[in-house]
Amino acid sequence: RSPLLVLGLAAGVVALKILLLYPIAKTFGYCGRADAALFALGLSQVGEFAFVLFGAAGQLLSRPVLDVLNAAVAASMLSTPLLMMLYERVLAPRFTRTEPRAADAIDEQNPVVIAGFGRFGQVVARVLRTLHVNATVIDHDPTQIERVRRFGWKAYYGDATRLDLLRAAGAAQARLLVVAIDDPEAAMTAVRVAQQHFPELKILARARSRTDAYEYVELGVPSVRETFGAALDAAAKALELLGRPPEEARRAAEEFRHYDEEALARSAPFRKDVKQLIALSLKERENLEQLLASEATTRAAI
C-alpha cells in the first residue's frame, strides 16, 4: 500500500548507516578506501533484531506503523546483495586502480627474459639462479615488483606485450623468453609479438588451461600447464596412500604425463570442434586405461 514510504525509509536508513560506518571504519583500522567501503556497505542493512524490537513495541505503536517499519527492515536487507554487486563492479575497480606509470629502464642483458614474476615465474627464476643462469625479470604489477625487490630480486616494471619493452629487456640477444604472465590473453599477445619480431628467440609459455595449451601447440610454442605437474604429484601420492609401491606410483604418473602430452598435440587441431574433441577425448581415455593396465600386468608378470 505504501511502496514509496517503505523504500524511502529503507534507503534513508541504509544511506545513514553507510555515512556513519565509513568514517568509523577509517578511524578504527580500515586504512584503505576499498576495505572501509566494503565494511560500510556490508553492515548497512537493518539487523533482524529490529523485528524483535518492533514485536515488543506492539503496545506502543499501531499495527499499520509496525507493518511499514517491518517492511522497511526487510527492504534494507534486500539491498545488501545489490550493494555488493555495486561494490564489485563499480567501486572496487576504482579503488584498486593505479596511476599510469612509465616502464622501468632496464640496464642489463641476460640470456633469459622472464615475463611475469608471480608464483610460476619465481620458481623458474630460482631454479635458473641455482645453476648460475641469469634472467631479466619483468612484471606489469608494480606492487609485485616492490614486494620481490624486498626479497633481493632485481625486477623491472613493464608490459611484456609491448615490443619496445621486449627490445629493452634484450629479447633480440637473449636465448630464451619465458612467458609466465598470469593473464592468458596478455601471455598470448606477448608470445605472438616475440615470434613476429624475434624469430630466433626460443619461447616457453605458461598455459593456464588445456585450452591455452592448444593455442600454443598451434603456434609451435612449447608450454607448461601450471597445475599439471602438481596434479600428477598429487595423483602419485594418492596411489602411495592407497598402498601402491612408490616406484609404481611414480611410473604411472610419468606414463600419464607422456601420453597426455602426446594426446594434447593430437587433439589440438580439433579444439574448436566440440563433438570431435569429445569423441577423441573418450578414445584417448580408453587407450590410456588399456596402456596402463597392460604395463601393470607386464610388471606383475616380471
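1. Helices and strands here are DSSP runs, numbered from the N terminus: a helix is H or I with at least four residues, a strand is E with at least two. Leu5 is partly exposed, with a relative accessible area of 45%. On that scale, buried means under 20% relative accessible area, exposed means over 50%, and partly exposed is in between (1.4 Å probe, protein chains only). Leu5 and Ala71 are 66 residues apart in sequence, yet their C-alpha atoms are 9.8 Å apart in space.

2. Before you go on, a word on what you're looking at: this is a predicted model, where local features need pLDDT of at least 70 and side-chain atom pairs count only at pLDDT 80 or more, while totals for chains, interfaces and linings use all residues. Residues are numbered from 1 along each chain as its sequence is written, and side-chain values use heavy atoms, with hydrogens and water left out.

3. Now find the sheet. In what order do the six strands of the open sheet come? The order is β3-β2-β1-β4-β5-β6, with parallel pairing. β3 (155-157) and β6 (223-225) are at the edges with a single partner strand each, so one side of each has no neighbour in the sheet. From one strand to the next, the twist averages 20°. Two strands count as paired if DSSP finds at least two bridges between them.

4. You can walk across the sheet pair by pair. β2 (residues 135-139) is joined to β3 by three bridges, and Val137 stands opposite Ala155 in β3. Four bridges link β1 and β2, where Val113 has Thr136 in β2 as its bridge partner. β1 is also joined to β4 by four bridges, with Ala115 partnered by Val179 in β4. β4 and β5 pair over four bridges too, and there Val178 stands opposite Leu204 in β5.

5. Take a second look at β1. Are its residues buried or exposed? Val112 and Ile114 on one side, and Val113 and Ala115 on the other, are all buried, and both faces of the strand are covered. Helix α5 (residues 119-130) lies across β1 (112-115), β4 (176-179), β5 (202-207) and β6, running at about 160° to β1. That angle is between N-to-C directions, from 0 to 180 degrees, with axes fitted to C-alpha atoms, for helices over the stretch in contact; contact means heavy atoms within 4.5 Å.

6. His132 is exposed, with a relative accessible area of 72%.

7. Helix α11 (residues 246-267) has 22 residues and reaches 31 Å from its first C-alpha to its last, close to the 32 Å expected at 1.5 Å a residue. That expected span is 1.5 Å times one less than the number of residues. Its buried residues include Ala249, Ala252, Ala253, Tyr259 and Asp260. An α-helix has 3.6 residues a turn, so residues three or four places apart point the same way.

8. Asp260 turns up again at the largest pocket: with Arg210, Ser281, Glu284 and Arg285, Asp260 lies nearest the centre, among 13 lining residues. α9 (210-219), α11 and α12 (274-301) each give two or more residues to the lining, and α12 gives the largest share, six residues.

Technical notes:
On a 1 Å grid over the protein atoms alone, a cavity is a set of points where a 1.4 Å probe fits but cannot get out, and a pocket is an open set with protein on both sides within 12 Å along at least five of seven lines; lining residues have an atom within 4 Å of a point.
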